Amino acid sequence: MTSEGGRVTHPGFEAQVDALLDGELTADDARELEAHITQCPECARFREDRLALRTAITAGVPAYRSPDALRERVRTALAEAASAEARPMPRPMPRPMPRPRGSALGALWRPMALAASLAIVAVGSWNLSLRQAQSDRLADAVLASHIRSLMPGHLTDVPSSDQHTVKPWFNGKLDFSPPVHDLASRGYPLLGGRLDYVNGRSVAVLVYGRRQHLINVFVWPAMRGQGDGPDLRDRQGYHLRHWSTPDYTYWAASDLNPTELQDFVRLLQQSDSDGSVASPR
Amino acid sequence: MTSRAAVESIDRARFEALMLPHMDAAYTLARYWTRNEQDAEDVVQDAYLRAIRYFDGYRGESPASARAWLLTIVRNTAYTARKRGRVDAVTTEFDDTEHSLAAIDDQPDGVQVRHDAKETLGRALDRLAPEFREVIVLRELQGLSYKEIGEVTGVPVGTVMSRLSRARARLQEALRDK
């Protein structure tokens, strides 16, 4: 950078000095620019001006505090939005909050009300809606158990990566012997198992890992005549996958990305169908 | 409490614990975007409702990343509201001829105002296009890094740098001319 006849001939230097003052330059670049500024009165004055501006902004441009009424409004809106979303069966929408005046953003309630009325139309059949509600409840229970298991000390009752330790552990604790497969060679090591209570019965939960992610696989015997198709839900950052074999009902829950979770489910299904031919103990 | 309600309340509690502390930052950004208290409140409320819907996608870990994530949504909400034309849509790009200081001084409120530095600065900031105003607010009032500002405003860091520099030059001019 040079200065000729008082006219700055290094375009872009302003942004550089700004970046310097903002602490955004690398140490090397900062040192170089500092050295230049000591030689260049133009740049030195520019820096002084910028420092003065910063002082003026600090003194004269306020950051605002959000009004208490707004805090209240937001809390109420969040609570209503959450309960509208979580409602298992369609019910009338809660009355929207009274708004101080109409605005474009107030229109937000309208799509939600529309969604609710569409839901009522869609779930026309009572039978269907009943089954839907049951599987909703099940998904909720699985998700709640998954989240509980992530709390300290809740993950496994039998922490072992050995399927031949985990499988016998369930003996005498359940009225069935869940299939246990170690998928470590495929990148999903078995971490252990635990007992849990879901859908009104004791179930086996097998815990698998993938990098820092955990996968809970819930297993219990399939009920005759209650076979249902695979199910796939994404909820609150977690992914739920459900499938059945003639013998067992499965749910998998994880925060793992959906692609890998699907891959995991496929591997598990494969191991299951292989295992039925040549059962490992 | 049903399991659904339990899950929902755990999740909402987490959302509120992470996001509500940044409401002042959200409101400040919205205030400077909309230049209007009521519109700012609407933007903030709408942004929080969007945020809880998108919370699944939030992967940050620090309070700073929660703030940047929330501010991104606030910014986009304000931007969309302006595009819809409901929020005061007067955007004033850098334009010396249209918006001289004299023209602003003749605004019709009829009150003779004393032009101290604070007021001059506030007016100059108001006259910036929101894309320039927001970088000043995010940097000077909220101390975001260039990278964070880039995330919030959806532009590359180089653009953040040049916008910030142009916006500052503009404010400095206003102070000098007063």
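1. The term pLDDT denotes the predictor's confidence in each residue, on a scale from 0 to 100. It applies here because the model is a predicted one. Within chain A, the element with the lowest mean pLDDT is strand β1 (residues 3-4), at 42, while strand β8 (residues 248-254) has the highest, at 92.

2. For chain A the mean pLDDT is 77, with 74% of its residues reaching 70 or more. Two stretches of chain A call for caution in reading. Over residues 117-127 of chain A, pLDDT stays under 50, and the model has 6 contacts beyond four places in sequence for them. Residues 276-281 of chain A also stay under 50, with 3 such contacts.

3. The contact between the chains draws on 39 residues of chain A and 46 residues of chain B. On the side of chain A that touches chain B, at least two residues each come from α1 (13-21), α3 (41-60), α4 (68-86) and α6 (126-149) of chain A. The most is given by α4(A), with 9 residues. By type, this side of chain A comprises 24 nonpolar, 5 polar and 10 charged residues.

4. The largest nonpolar core has 54 residues, of which A26(B), L29(B), A30(B), V44(B), Y48(B) and V74(B) touch the most other members. Leaving aside residues up to four places away in sequence, V44(B) touches S66(A), L70(A) and V74(A), as well as M23(B), A26(B), Y27(B), A30(B) and V74(B). Another core lies apart from the largest one and has 35 residues, including I147(A), V219(A), Y238(A) and A253(A).

Conventions
Residues are numbered from 1 along each chain as its sequence is written. Chains are lettered from A and ligands numbered from 1 in the order in which they are written. This is a predicted model: local features need pLDDT of at least 70, side-chain atom pairs count only at pLDDT 80 or more; totals for chains, interfaces and linings use all residues. A nonpolar core is a set of buried Ala, Val, Leu, Ile, Met, Phe, Trp, Tyr and Cys residues joined through C-beta atoms within 7 Å. A residue is buried if 20 or more other C-beta atoms lie within 10 Å of its own, exposed if 12 or fewer, and partly exposed in between; C-beta atoms are placed from the backbone. Two residues are in contact if their C-beta atoms, placed from the backbone, lie within 7 Å. Helices (H or I, at least four residues) and strands (E, at least two) are DSSP runs, numbered from the N terminus. Ala, Val, Leu, Ile, Met, Phe, Trp, Tyr, Cys and Pro count as nonpolar, Asp, Glu, Lys and Arg as charged, and the others, Gly among them, as polar.
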